[in-house]
Amino acid sequence: MDTKSKNSKRFSCLVAGTMVLLAVTAYLASFPVYRGQIENYASQGIRNSRLLEQIYKSSRVLYKDIMDRTKQKSNSFCDLYMTVEEVSASGNENVYFEQSFRSEELREILEESVNSMMEEWRSEMLEGLAKGMDYLVVENTSGQMLKNTGREIERLLDPDGEKWEDDPYVYYVKMSFDGAGNLYDLSVRDEDPDRLLKNTQSVMAGEWLSKGLDKEIASYGYYRKEFYVYDKKEMPKKVTYSIDESPRDVTFIYALTTQQNESISRPGGANFFMSDGWSERRAYYEAGAGDIYVLILLALGIAGLLITRSKRYCLHHLQAFHMHLEISLTAMGILMSFSVIAVMMMQYTNNGGFAELLMRYADSLPSFACRILVGALNVAVLTLLFGGWFYCVTTFGELFDLGLLRFVRERSLIMQGILWFYHGLRNKKEEFREEMLHADLREGMNKVVIKLLAVNYVVLALISFSFVFGWFLLIPYTLVLYLAVRRYIRNIRQQYERLLQATDSIAEGNLNAAFTDDWGIFESYKEKLGRIQEGFRKAVNEEVRSQRMKTELITNVSHDLKTPLTAITTYIELLEGESVTPREREEYLCVLKKKSERLKFLIEDLFEVSKANTGNIKLNLVEMDICSLLRQVYLEYEDRVEEAELIFRFRMPEEKVILRLDSQKTYRVFENLYTNIIKYAMPHTRVYVNAEKTEKGIRIEMKNMAATELNIPPEELTERFVRGDSSRNTEGSGLGLAIARSFVELQGGTLKIEIDGDLFKVIINW
């Protein structure tokens, strides 16, 4: 089994590794494909909308510069492009007045918005277009010129001399605006002039200045072009602004030489002057390099899920792949967003960025070694990306085995939290319900009442949040509350009925009925009734046992007293006969004496038991050595022990055990116990007498094997007139153990009898 498991793991790892390497190979194979696409894509950058939008912005910036030079003064962007109008307002219009602004403050905000946005456009132009492109600005009326190159770019102004000898420009865009700001002349030069002309017309018609200003003003929290404010005289005014998009009476030319064109047409070159974020990496994304990464991930994920259906594949069963659902999904989302890393690897591999970096810090490496290292770097990074993705996909492998619901329940942290909250809420609900239904009426009800009021308060508070709709919510709430209270009262009534039925059952004498029903708030009374039932049962059993013992007592007393009395009567009649010889008379007198002594012995024992049970005995307590008394009584009965052929074994403390007892009554206890052993022990057996000192006194234990079968319960052996032989053929009154127990208990001790088969044991604790 272990070998099979190892083979399955080896097979699974091999399959997983192969699938990841195939994904890496597929992505690496796309590198040269996208390198060719990006080279073609970059060459089209000079005629796309991004470059033309930059030309649009630069024209609005350069218009201010040419006007400053022409008028020999500094003009603000606001004066050139914005018109602000103020008209009186009656104040009766249903409009919102900007109480926090005066008209002068609002004008300052508008002017600041225009100037701030145009200064941002100027920074973009200086960092971008001005460095990578030649431009010329001409004020048409005065002929004033502004350019950034020493080349004769102004020769492009002559329509008839657009081409001259050694003309350096392969690309240009020329735009002329009249005094009203209308574009009346637009001409271009390019390999694809029609496309460039169409794109230029579209971009120049766009209201980029108005859109940018609206966005700038929106940053202050205002999204309209009309404002109602107050002037210094607290007069209401309506303030509006408008934007003039186009320059007036000016011509712009933007041109590229062959070198400039090649510079921006190669991958990454356009980023030199593009300020809106267009870059080589964006070109890769637009060409689909990011999409192919995502497609390979999806294909790898589908293959990873399908392979889990193979019986030999086992990775998804391993503990290492048992990940929480949310963690797996988050990791997969992160790995999918890492397309930027995959695209960056493709970009810097194709444009030689990685090779250039290696040559800079390890110039001694040959070029082929650099290519190997770059390839190894790509393989390592892509293996991590695709391998991590495959690992996350594999964590979903047991979805088919467990099913969707069980998989989500076992693997989702959110679902586990919801289930934990649900079970906790349900447990709290059950606890609250049990507390309401099983409230202990013996204790204070303040806690229960407070909880009920708290729940009612929360519900009413939630209803109050509904404002006027709360009146409508009170109707179903009142109905629900009514149904809950009615059900609660019905449950209490049922519980009370069960209590009455149980009480009636006990009153009718049914003392063995089991109370298994739920009594709710009367649950505490179930225990009380059970104790009453048990007490009645014990009392009845005790009374029955007492009546039986009384019957046996009368029977035994009658038998034991009648036997010697009958013998005495018989022998007296014999003595009265005239034919009695002296020898017979002597024998009869001997029998009479013996029977009368037995009758006296029985009567004395009966009196002893009666006085002990009524407490009519006076004790003479003295300090005595209980172990010494135990040995002394044995020595007096040693002859009888030898006749009974018994072997006694003693185990007692060496030191004295002094107790405060009545020596005469204690002597009688041991005497009766020894006598009982001598009468009923099996001959030729051992008798064990053990005494052990305890923390409170002493524990005495006597054990012997019974000569006859003990078929009497141990607790009945200490009753009056009970003997070990039920046939009552042995001598004695049957009161020996009863007297011993009574005398022990009168002196604060306990006497207990245990029977284990034929083993008879008496245990005394003082």
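Figure 1. Of the 766 residues of the protein, 39% count as buried (under 20% relative accessible area, with a 1.4 Å probe and protein chains only). The model is predicted, with local features requiring pLDDT of at least 70 and side-chain atom pairs pLDDT 80 or more, while totals for chains, interfaces and linings use all residues. Residue numbers start from 1 along each chain as its sequence is written, and side-chain values use heavy atoms, without hydrogens and water. The protein has 26 helices and 16 strands (DSSP runs numbered from the N terminus: H or I of at least four residues for helices, E of at least two for strands).

**Figure 2. Packing of helix 12 on helix 15.** Helix 12 (residues 325–337) and helix 15 (residues 367–394) pack at about 155 degrees, their axes 9 Å apart (axes are lines fitted to C-alpha atoms over the stretch in contact; angles run from 0 to 180 degrees between N-to-C directions). Helix 12 is therefore roughly antiparallel to helix 15 (angles over 145 degrees). Ser 328, Ala 331, Met 332, Leu 335 and Met 336 of helix 12 contact Leu 385, Gly 388, Trp 389, Cys 392 and Val 393 of helix 15 (heavy atoms within 4.5 Å).

**Figure 3. Packing of helix 23 on helix 25.** The angle between helix 23 (residues 626–636) and helix 25 (residues 663–680) is about 50 degrees, and their axes lie 10 Å apart. Ile 626, Leu 629, Leu 630, Val 633, Tyr 634 and Glu 636 in helix 23 meet Ser 663, Thr 666, Tyr 667, Phe 670, Glu 671 and Tyr 674 in helix 25.

Conventions: Angles under 35 degrees count as roughly parallel, over 145 as roughly antiparallel, 65 to 115 as roughly perpendicular and the rest as oblique. Buried means under 20% relative accessible area, exposed over 50%, partly exposed in between (1.4 Å probe, protein chains only).
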